[in-house]
Amino acid sequence: MKNKNILNIVLFQPEIPHNTGAVGRTCVALGAKLWLIRPLGFRITDKNLRRAGLDYWKFLEWEILDDWDALLAKLPDTSRYFFFTKTATCPYIKATFSPGDTFIFGSESNGLPPSLLEKYAAQRLRIPIRQETRSLNLSVSVGIAAYEAWRQITILHENTFFP
């Protein structure tokens, strides 16, 4: 059965509504589902979230869950997980992505919890940046990774996700 979403994008305990709104907008553009893991650093009705997502939020497929285990229970068994972290050694560009993959991103101030990074050590990816930069903005990171996946998927799967 064909997965109706090109990707699953998970924000683990996001804190900044502007970032989540921008990620939601990217998800709409790609046909990805957005998963938010509590606690959130804002209310889902926050005007900044709506402003960043513009009028696209009504087209977004999204869900809020209480914890990691709840997410695992909801995702398809066929989904592969990729954890984006600056502590990974493997650059994202070396990974091969497929429809239905799940990309997990941590909070803006704390990243992903060490317990997840340890458990899924082989599935960690990084976006290379210069030493002078501590990190990239969360929504920028999601855009970089998601559009590389889109590029690969549309080439390898003959553009079955877009008209």
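**View 1. Phenylalanine 83 between two partner strands.** In β6, phenylalanine 83 has arginine 124 as its bridge partner. Across in β5, phenylalanine 83 stands opposite isoleucine 104. Strands, by the way, are DSSP runs of E with at least two residues, helices are runs of H or I with at least four residues, and both are numbered from the N terminus. Two strands pair if DSSP finds at least two bridges between them. β4 and β6 pair in the parallel sense over 2 bridges, while 4 bridges join β4 (residues 81–84) to β5 (residues 101–105), again parallel.

A quick note on what you're looking at: this is a predicted model, where local features need pLDDT of at least 70 and side-chain atom pairs count only at pLDDT 80 or more, while totals for chains, interfaces and linings use all residues. Residues are numbered from 1 along each chain as its sequence is written, and side-chain values use heavy atoms, with hydrogens and water left out.

**View 2. The whole sheet, strand by strand.** Here 6 strands make an open sheet, and reading across gives β3-β2-β1-β5-β4-β6, with parallel pairing. β3 (62–65) and β6 (124–125) stand at the edges with a single partner strand each, so one side of each is left without a neighbour in the sheet. β1 and β5 pair in the parallel sense over 5 bridges, and leucine 11 stands opposite phenylalanine 105 in β5.

**View 3. Two strands covered on both faces.** In a regular strand the side chains alternate between the two faces of the sheet. Which residues of β5 sit on each side? Asp101, Phe103 and Phe105 are on one side and Thr102 and Ile104 on the other, all of them buried. Buried means under 20% relative accessible area (1.4 Å probe, protein chains only), with exposed over 50% and partly exposed in between. β4 is covered on both faces too: Tyr81 and Phe83 on one, Phe82 and Phe84 on the other, all buried.

**View 4. A cluster of phenylalanine rings.** Ring pairs tie Phe82, Phe84, Phe97, Phe103 and Phe105 into a cluster. Rings of Phe, Tyr and Trp (its six-membered ring) pair if their centres lie within 6.5 Å; planes under 30 degrees apart are stacked, over 60 edge-to-face, and the rest tilted. The structure holds 12 aromatic pairs. One of them joins phenylalanine 84 and phenylalanine 103 and is tilted, at 5.0 Å centre to centre and 55° between the planes. That pair links distant parts of the chain, with phenylalanine 84 in β4 and phenylalanine 103 in β5, 19 residues apart. Phenylalanine 84 counts as buried at 8% relative accessibility, and phenylalanine 103 is buried at 0%.

View 5. α1 (residues 17–30) lies across β1 (7–12) and β2 (33–37), running at about 155° to β2. Contact here means heavy atoms within 4.5 Å; axes are lines fitted to C-alpha atoms, for helices over the stretch in contact, and angles run from 0 to 180 degrees between N-to-C directions. The buried residues of α1 include Val23, Cys27 and Leu30. Just after α1, glycine 31 takes a positive phi of about 85°.
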